[in-house]
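Please look through the structure below with its pockets and its helix packing in mind. The paragraphs after it take these two topics in turn.

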Amino acid sequence: MPEKSLILATTTSTRDSGLLDELLPAFTRDSGWQVKPLAVGSGQAIELGRRGEADVLLVHSPAAEEKFVAEGSAGARRLVMHNDFVLVGPRADKAKIRGASSAEAMKKIAAAQAMFVSRGDESGTHTKEKDLWAKAAVTPGGSWYQSTGQGMGETLRVASEKAAYTLSDRATYLIQRGTLALEVLGEGDAGLLNVYHVIEMTKKAGDRVRADGGKAFADWIVAPSAQGLIGAYGRAKFGRPLFTPDAGADEAKLGR
C-alpha cells in the first residue's frame, strides 16, 4: 500500500449511488491520502471497525453506531448527511400501499402476502426495515418474504424481476430507476429518515489502524468543501441533491 493509505468501511448505498466516486478523488487531491473503500452493509462496516480492519467508517445505522462507540475502540462520531428511505414496488401495487404511512404499508403487504424482498444483510437499510415491521407489529415470514443477502443495487434488481416490494435508500433507487419496473409507493414520513455518520477508529481497535488517516477523512467530510460536494451531488441529473449535508446540524431537527 502507498505510505498515506487508509481503509474506509462504508455502506453499499454510498457506492451504488455514485457518491464515493465524487468524494474520494477530491479527498485524495486535498489531503494526499489514498482511500481503499470497502462497501458493505453498515453492520459489516462496524464489525470491520471493531476488528481493527478499517480506519474510518461512513455508516447509517444510528442505534448500532451508538452501541459500537460505547464499546470504547472508536473515536469521534460525527453527523455527515441524510436522505430518506422509500418503499418501492410494482405499479400494480397489489397490497395497495401507495400513500400509506410506513407502518401501515408494512401491515398491508403482510396481510396481502405480497412479495417483499429484504436485503437480509444486517445493513442500515435492513435494520430500518426490521424496525418498520416491528412498528407494524408484524413478524414477516413465509414464501412471500424473501432475502437476498446482497447490497441495495442487487436487491432492487431482484425486487424488480419478481414484481416485489422492497425498502431502498432514495439515492440508490434514483440512480437505478431507469432499469427498474418499480415505483416509489411510500415516502415522506418521519420513520423513513436515513442519517449517516462518520466514525473515526483508534489504535484501541488494533495496531493496524491508521488513526491519523481516519481522522483526516472524518475532518474532511464534515468541512465546508466536502459538504458542498455532497449538497450538489445529483442536482444536475435529478433536479435535486441525493443527500443533504448536515455537518454541525442539530440531529434532533433533521427532516422537519
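How do the residues of the lining of the largest pocket divide into nonpolar, polar and charged? The lining has nine nonpolar, six polar and three charged residues, where Ala, Val, Leu, Ile, Met, Phe, Trp, Tyr, Cys and Pro count as nonpolar, Asp, Glu, Lys and Arg as charged, and the others, Gly among them, as polar. The model is predicted, so that local features need pLDDT of at least 70 and side-chain atom pairs count only at pLDDT 80 or more, while totals for chains, interfaces and linings use all residues. Residues are numbered from 1 along each chain as its sequence is written, and side-chain values use heavy atoms, with hydrogens and water left out.

The volume of the largest pocket is about 360 Å³. A pocket here is an open set of points on a 1 Å grid over the protein atoms alone, where a 1.4 Å probe fits, with protein on both sides within 12 Å along at least five of seven lines; lining residues have an atom within 4 Å of a point. Volume is the space filled by probe spheres set on the points, which are joined across faces, edges and corners. Among the 18 lining residues, Pro-62, Ala-63, Lys-128, Leu-193 and Val-195 are the closest to the centre of the largest pocket. Two or more lining residues come from each of α4 (62–71), α6 (124–135) and β9 (193–201), and α6 gives the largest share, four residues. Such elements are DSSP runs numbered from the N terminus, helices being H or I with at least four residues and strands E with at least two.

The second largest pocket holds about 190 Å³ of space. Twelve residues line this pocket, and Asp-84, Gly-188, Asp-189, Leu-193 and Gly-255 are the closest to its centre. Strand β4 (residues 74–89) supplies the largest share of the lining, four residues.

Turning to helix packing, helix α2 (residues 19–31) and helix α9 (residues 211–221) pack at an angle of about 110°, with axes 11 Å apart. Axes are lines fitted to C-alpha atoms over the stretch in contact, and angles run from 0 to 180 degrees between N-to-C directions. The two helices, α2 and α9, are therefore roughly perpendicular, a term for angles of 65 to 115 degrees. Leu-23, Leu-24, Ala-26, Phe-27 and Asp-30 of α2 meet Ala-216, Phe-217, Trp-220 and Ile-221 of α9, contact meaning heavy atoms within 4.5 Å. This contact has eight nonpolar, no polar and one charged residues.

Helix α3 (residues 42–50) and α4 cross at roughly 5°, and their axes come within 11 Å. Therefore α3 and α4 are roughly parallel, as angles under 35 degrees are called. Ile-46, Gly-49 and Arg-50 of α3 make the contact with Ala-64, Glu-65, Phe-68 and Glu-71 of α4.

Notes. Parallel < 35°, antiparallel > 145°, perpendicular 65-115°, else oblique.
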